[in-house]
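Please load the model in a viewer and keep the selection tool at hand. The stops below are meant to be visited in order.

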Amino acid sequence: METVWFVLVAFMLTGYVVLDGFDLGAGIMHLFVARTDEERRLVLRAIGPVWDGNEVWLIAGGGTLFFAFPLLYASSFSGFYLPLNMVLWLLIVRGVGIEFRMHLDNPVWRDFFDGLFAIGSLLLTVFFGAALGNVIRGVPLRSDHYFFEPLWTNFRPGPDAGVLDWCTVLAGALAMIALTIHGANYLAIKTNGDLARRSRATARALWPLLAALTVASCLATLFVRPRAAVNYVSHPIGFVIPVIVAASLLYMFVAHRAQNDRRAFVSSCAYLASMLGGAAFALYPSVLPSSNPAIPDITIYNAAAGSYALTYGLIWWSIGMLIAIGYFVFLYRMFRGKVTLQTGEHGY
């Protein structure tokens, strides 16, 4: 049952990254590909009906984590107290930038809120990537399974590392580029004209950097945490995952060359899902590795809730997820197609 909940938590976090990822990517692109007020309104129209719904996956993932692995929730939220508060404020800043932009008919205020939206989106992608880098690298757990990490120390991985070091910064850069391309692919689907053309060109131009960072991050992971390869060696079926990563990257390149926006977006979804799936496969059964050799990892077995709670919680989780998935299918079907400048919800 612990393994089932490990897969479910990984599924929900992957759903958040894939869905809210294109919102974050659109935010990063907002000031670069949209050069007029009308084009910026189109960007907001493209994500307006779905962005806040996509963020529900983050909340639901956190709630599932708290229910299934309470020790992991308590340890990670206490150790990452500072960066988590920064993420919370960035989410608020990003939401304010989206919602307040159209409420003040003044170009100075519109530019200010556009900047909040873009900066908040960019920093969130970096922090989310660095957070995953910390989990893969390991944290300085104490015997009571708690830890503390400053924002940075000497930028080197090790027992005294901070949240940011060269490895986690590399993970943050990879997340930023991957989600920027993901957002660009989405905008190319949802818009027309020069905005779609610039989005398509940006995704195509960033592809070589994404491929290079993907290889570099994989090598860095093996260098910092050699144990990440153990599950792949023990269960060779896991090598299907890096094959999917490589295939999705290649398919994305081909789709960009053919200017097939829908296939490019599907390939970026597959890339993000397979990268996160590969990280989960490498970590299992650990959920929070220890960088202290004397202290064991937090695993699905010592972090899980009781078997009774996990068994019956699965029933209610399944009911809730069926309702949520049905809602999202309905929502995305309702707002499918290209966006226009006709007034929509919140004045987008």
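Predicted model: local features only at pLDDT ≥ 70, side-chain atom pairs only at ≥ 80, totals over all residues.

Residues are numbered from 1 along each chain as its sequence is written, and side-chain values use heavy atoms, with hydrogens and water left out.

**Stop 1: salt bridges**

The structure holds 15 salt bridges, a salt bridge being a side-chain nitrogen of Lys or Arg within 4 Å of a carboxyl oxygen of Asp or Glu. Select R198 and E39, whose side chains form one of them, at 2.9 Å from N to O. The two residues are 159 positions apart in the chain, with R198 in helix α8 (residues 193–224) and E39 in helix α2. Helices are DSSP runs of H or I with at least four residues, numbered from the N terminus. R198 counts as buried because its relative accessible area is 13%, and E39 is likewise buried at 13%; buried means under 20% relative accessible area, exposed over 50%, and partly exposed in between, with a 1.4 Å probe and protein chains only.

Next, select R40 and D114, a salt bridge in which the closest N and O atoms are 3.3 Å apart. This pair links R40 in helix α2 to D114 in helix α6 (residues 107–137), 74 residues apart. Both R40 and D114 are buried.

Move on to D261 and R200, whose closest N and O atoms lie 2.8 Å apart in a salt bridge. D261 is buried at 14% relative accessible area, and R200 is buried at 17%. Then select D37, R40, R101, R110, D111 and D114, which salt bridges with shared partners join into one network.

**Stop 2: the cavity**

On a 1 Å grid over the protein atoms alone, a cavity is a set of points where a 1.4 Å probe fits but cannot get out, a pocket is an open set with protein on both sides within 12 Å along at least five of seven lines, and lining residues have an atom within 4 Å of a point. The largest cavity holds about 40 Å³ of space, a volume being the space filled by probe spheres set on the points, which are joined across faces, edges and corners. Helices α7 (166–190), α10 (240–258) and α11 (261–283) each supply at least two lining residues.

**Stop 3: the second largest pocket**

The second largest pocket contains about 720 Å³ of space. Select F22, Y186, K190, F265 and Y332, the closest to its centre of the 29 residues that line this pocket. Elements giving two or more residues to the lining are α1 (2–33), α2 (37–47), α7, α11 and α13.

**Stop 4**

Select G61 in helix α3 (residues 51–68). G61 is buried, at 3% relative accessibility. The C-alpha atom of G61 is 5.5 Å from that of M12, although the two are 49 residues apart along the chain.

**Stop 5: the surface**

Finish with Y308 in helix α13 (residues 307–334). Y308 counts as exposed, at 61% relative accessibility.
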